Amino acid sequence: MLSRLVGVSQERQHKTGFETRAIHAGYDPDPTTGAVIPPIYATSTYKQDGVGGLRGGYEYSRSANPTRTALEGALAALEEGERGFAFASGLAAEDTLVRALCAPGDHVVIPDDAYGGTFRLFEKVEVPWGLVHSPVPVHEVDAVRAAVRPGETRLVWVETPTNPLLNIGDIEALASVAHDAGALLVVDNTFASPYLQQPLTLGADIVVHSTTKYVGGHSDVVGGALVVRDLEVAEKVAFHQNAMGAVPGPFDSFLTHRGLKTLAVRMERHCDNAERVVEFLSGHEAVSDVIYPGLDTHAGHAVASRQMKRFGGMVSFRCAGGEEAALRVCDRAEVFTLAESLGGIESLVEHPGRMTHASVAGTDLEVPADLVRLSVGIETADDLIADLDRALG
Ligand SMILES: Cc1ncc(COP(=O)(O)O)c(C=O)c1O
């Protein structure tokens, strides 16, 4: 049976470990059949016991669906939030959040190296709607402090680590900058996943996920999520989730939830493999710079060590031979598949300048042309290194 329409009980989330919550939170075995896994409720509507007599609060599947409820409860439990919300994509989650919490004329601070699609959403959709935004380096707390406009800034929006430059924002410090200005701190936790970092416990107000990535983890479903710490914010998001309707269907909710259950073991392996890859790349003559928050030479290493459990599966590097060399690595790699996206079990390689971040070309957010981004998967580490060795020539 679904534990509650709004997610897992607070009592249970605080008593159990992350892995236990990942597997059990949000759902108790169905009392009629004993099904240990949430069934895919492929239904758009629900029989009412008399007008308004809803069973468990279910009325229509845009508003709520039991398969989605189970996922939302698990997400809330893992991020230690008050309530979780699932969406059809990460960008759908972001747009719903902006409209739930901002009005035309409001100001937001966003990362100057945000995921290209997030920047495009703000630039091409939210700005024409009336939002005012300031892209700033969110790994520089003073720059964020200088950019907030007390009384006018509604949201300070942070990615940490950022995509694709893996900069680290200090969540605790940024929360206090945002709160001092009367704003809320939003953290896109896609790159870290709730296993490696729990922003709400560090003072953030809202967590955003592209669950397409580590949460789903198997590159077989697109989805997004919001987890909030506060009931008032939860009510606004709940209203907009239903009113805007960008929800995932039960099949997608099921897949995302299935992935979430193994997040902890997958993340440990992603981190192990990423460390091996970083070690290999750091000694390679064709590589001019390796960007990974686990390196003590990384500017955000100290903050990352404080707020993350480990440093994640994303590694970026710059090629000594410039853009041509970067494109060659992408073409030659075989075990690393040339593809957009990240966070799945399989290793991916991409050229951000021409692929994920092509939409920010010519703006302040343009990324270096010699940059290659790796999403290190959970294959045999030796095979990943042999592949990179071959690709780097
Ligand atoms: C950090 C980050 N946030 C948000 C998104 C958007 O999510 P989606 O592609 O699920 O809409 C992405 C997608 O790559 C991302 O990398």
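Select D272 first: with a relative accessibility of 36%, D272 counts as partly exposed. Here buried means under 20% relative accessible area, exposed means over 50%, and partly exposed lies in between (1.4 Å probe, protein chains only). The model is predicted, so local features need pLDDT of at least 70 and side-chain atom pairs count only at pLDDT 80 or more, while totals for chains, interfaces and linings use all residues. Residues are numbered from 1 along each chain as its sequence is written, and side-chain values use heavy atoms, with hydrogens and water left out.

**Stop 1**

A salt bridge is a side-chain nitrogen of Lys or Arg within 4 Å of a carboxyl oxygen of Asp or Glu. D272 lies in helix α11 and R310 in the loop between α12 (301-307) and β9 (314-319), so this pair ties together parts that are 38 residues apart in sequence. Helices (H or I, at least four residues) and strands (E, at least two) are DSSP runs, numbered from the N terminus.

E275 is partly exposed at 35% relative accessibility, whereas R310 is buried at 15%.

How many salt bridges does a search of the whole structure find? The search finds 18.

**Stop 2**

Select R99 and D95. Their side chains meet in a salt bridge at 2.8 Å, N to O. They are 4 residues apart in helix α4 (residues 90-101), so about one helical turn separates them. R99 is partly exposed, with a relative accessible area of 24%, and D95 is buried, with 16%.

**Stop 2: the ligand**

Stay with α4 and select G90, which lies in this helix. G90 is buried, with a relative accessible area of 7%. Leaving aside neighbours within four places in sequence, G90 is in contact (heavy atoms within 4.5 Å) with H209, S210, G223 and G224.

Next, select the ligand. The residues surrounding the ligand include S89, G90, L91, E94, Y115 and N163; a residue is near a molecule if one of its heavy atoms lies within 4 Å of it. Which helix gives the most to the shell around the ligand? It is α4, with 3 residues.

A polar backbone atom of G90 is 2.9 Å from an oxygen atom of the ligand. A backbone N or O atom of L91 also lies 2.9 Å from an oxygen atom of the ligand. A polar side-chain atom of D188 lies 2.6 Å from a nitrogen atom of the ligand. Taken alone the ligand exposes 390 Å², and the protein buries 90% of that. Accessible areas come from the Shrake-Rupley method with a 1.4 Å probe; for residues, only the protein chains shown count as cover.

**Stop 3: the loop between β4 and α7**

Select T160 and P161. A cis peptide bond joins them, with omega about -10°, and P161 is in the loop between β4 (153-159) and α7 (171-180). Then select N163 and P164, which are joined by a cis peptide bond with omega about 10°. L166 has a positive phi of about 60° although it is not a glycine, and L166 is buried at 2% relative accessibility. Most residues other than glycine have a negative phi, and most peptide bonds are trans.

**Stop 5**

Select α3. It is largely enclosed by the rest of the structure, because 14 of its 14 residues are buried. At the start of α3, a side-chain oxygen of N65 reaches to within 2.9 Å of the backbone nitrogen of T67. After α3 comes E80, whose phi is positive, near 55°.

Finish with α10. Its buried residues, among them P250, S253 and T256, pack against α2 (18-24), α3 (66-79) and α11 (263-282).

Methods: A polar contact is a pair of N or O atoms within 3.5 Å; within protein, one must be able to donate a hydrogen and the other to accept it, and residues adjacent in sequence count only if both atoms are side-chain atoms.
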